[in-house]
Amino acid sequence: MDMGIRGRRALVCASSKGLGRGCAEALAAEGVDLVLNARGAEALEATAEAIRAAHGVSVTSVAADITTPDGRAQVLEAAASPDILVTNAGGPPPGMWSDWDRDDFIAALDANMLTPIALMKACLPAMMERGWGRVVNITSQSVKAPIPVLGLSNAARTGLTGYVAGTSRQVAQNGVTINNLLPGIHATDRADALDRGVVEAEGLTMEEARARRESTIPARRYGTPEEFGAACVFLCSVHAGFMVGQNVLLDGGATNATI
Ligand code: NAP
């Protein structure tokens with residue numbers, strides 16, 4: 001199926017690795033020019049070069065922390081009113097409800113709620129003026145079903161979800177869609193870090209920790225960045241213009257719910 005987005009320009013945040021990279025690769029495969037971002041310049045430029053070589057699209061890399069005003073300004077200057085915006089950043093650390101104070105919540109809200117909101121606020125006006133735009137926010141399955149040790153993530157991402165629910169309905173008449181992609185467990189560095197936490201806390205091997213988590217997923221495996229990227233491309237395609245304000249769960253069936 002032709003996604004109808006060849007020649008469009010996308011800003012994909014936090015995309016040197018993992019799910020962001022999966023989205024960037026999949027968009028590049030459809031002929032979309034990219035601005036990529038991450039903090040670490042070396043891995044970011046390696047990813048940019050790999051994507052240029054594989055897909056022949058234009059790829060600009062901006063090494064910056066997307067959760068800071070200065071980082072966002074650098075990224076937005078390079079992206080210059082993109083047609084497609086994929087928001088993403090690292091997730092907050094796990095812990096117990098009793099661990100977190102105000103500063104921890106402010107940091108989580110900044111990274112996983114206020115940063116995507118600031119990016120949308122910057123990019124939506126030009127999309128609306130052109131009469132076409134796509135925004136995909138990478139959030140988490142924790143929006144549908146809380147993950148108790150990720151209380152900071154549960155809180156921040158639910159706030160973003162509420163904002164998107166309303167805002168997506170205000171911009172849809174201008175040909176702009178905003179939707180959220182909710183990853184369940186995917187095989188990335190983030191999943192490894194969470195598994196390592198279990199290894200340290202419970203004295204398991206990495207293989208045991210992973211097998212235990214896989215056994216909780218009806219698909220009995222972790223998702224892949226490639227599968228995640230394919231779903232992102234569909235939401236960014238011309239075919240998804242009637243999908244507005246949705247929360248699309250990619251979790252191998254892990255969230256046990258009828259709808
Ligand atoms: P990952 O494999 O650790 O990759 C994170 C990417 O984001 C890297 O490229 C990293 O590069 C970049 N990054 C992190 N913080 C950044 C910042 N402040 N500014 C710019 N770039 C930043 O993570 P992932 O698994 O792809 O996860 C992506 C998001 O999905 C996270 O918010 C995570 O919590 C959420 N999520 C993941 C899963 C999962 O199973 N993987 C499940 C649910 C939700 P640098 O470190 O060089 O900046």
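Biologist: Before we start, what am I looking at, and how are residues numbered?

Modeller: This is a predicted model, where local features need pLDDT of at least 70, side-chain atom pairs count only at pLDDT 80 or more, and totals for chains, interfaces and linings use all residues. Residues are numbered from 1 along each chain as its sequence is written, and side-chain values use heavy atoms, with hydrogens and water left out.

Biologist: OK, salt bridges. How many are there?

Modeller: The structure holds 10 salt bridges. The term stands for a side-chain nitrogen of Lys or Arg within 4 Å of a carboxyl oxygen of Asp or Glu.

Biologist: I keep looking at R130. Where does it sit?

Modeller: R130 is in helix 4, residues 102-130. Helices here are DSSP runs (H or I, at least four residues), strands are too (E, at least two), and both are numbered from the N terminus.

Biologist: And what does R130 touch?

Modeller: Leaving aside residues up to four places away in sequence, R130 touches R9, S81, P82 and D83. Contact means heavy atoms within 4.5 Å.

Biologist: Which of those side chains meets R130 in a salt bridge?

Modeller: D83, at 3.3 Å from N to O. R130 lies in helix 4 and D83 in the loop between helix 3 (69-79) and strand 4 (84-87), so this pair ties together parts that are 47 residues apart in sequence.

Biologist: Is D83 buried or exposed?

Modeller: D83 is buried, with a relative accessible area of 6%, while R130 is partly exposed at 41%. Buried means under 20% relative accessible area, exposed over 50%, and partly exposed in between, using a 1.4 Å probe and protein chains only.

Biologist: What about R221, which side chain does it pair with?

Modeller: The side chain of R221 meets that of E227 in a salt bridge, at 2.6 Å from N to O. R221 is partly exposed at 39% relative accessibility, and E227 is partly exposed too, at 36%.

Biologist: Switching to helix 3. Which residues are buried there?

Modeller: G71, R72, V75 and A79. They cover an arc of only 95° around the axis, which puts them on the same side of helix 3. That arc is taken from the directions from the helix axis to the C-beta atoms.

Biologist: What's on the other side of helix 3, and what covers the buried residues?

Modeller: P69, D70 and E77 are exposed on the other side. The cover over the buried residues includes strand 1 (9-12), strand 2 (33-38), strand 3 (59-63) and helix 4. Just after helix 3, A80 takes a positive phi of about 40°.

Biologist: Now the largest nonpolar core. Which residues touch the most other members?

Modeller: Of its 31 residues, V12, L27, L34, L36 and I84 do. The elements that give two or more residues to this core include helix 1 (18-29), strand 5 (133-138) and helix 8 (225-236). A nonpolar core is a set of buried Ala, Val, Leu, Ile, Met, Phe, Trp, Tyr and Cys residues joined through side-chain atoms within 4.5 Å.

Biologist: What does L27 touch?

Modeller: Not counting residues up to four places away in sequence, its contacts include I5, A10, V233 and C236. There is also a second, separate core of 27 residues, with V75, W100, M127 and A156 among them.

Biologist: Last one, the ligand. Which residues come nearest?

Modeller: Of the 28 residues around the ligand, S16, L19, R39, A89 and T188 come nearest. A residue is near a molecule if one of its heavy atoms lies within 4 Å of it.
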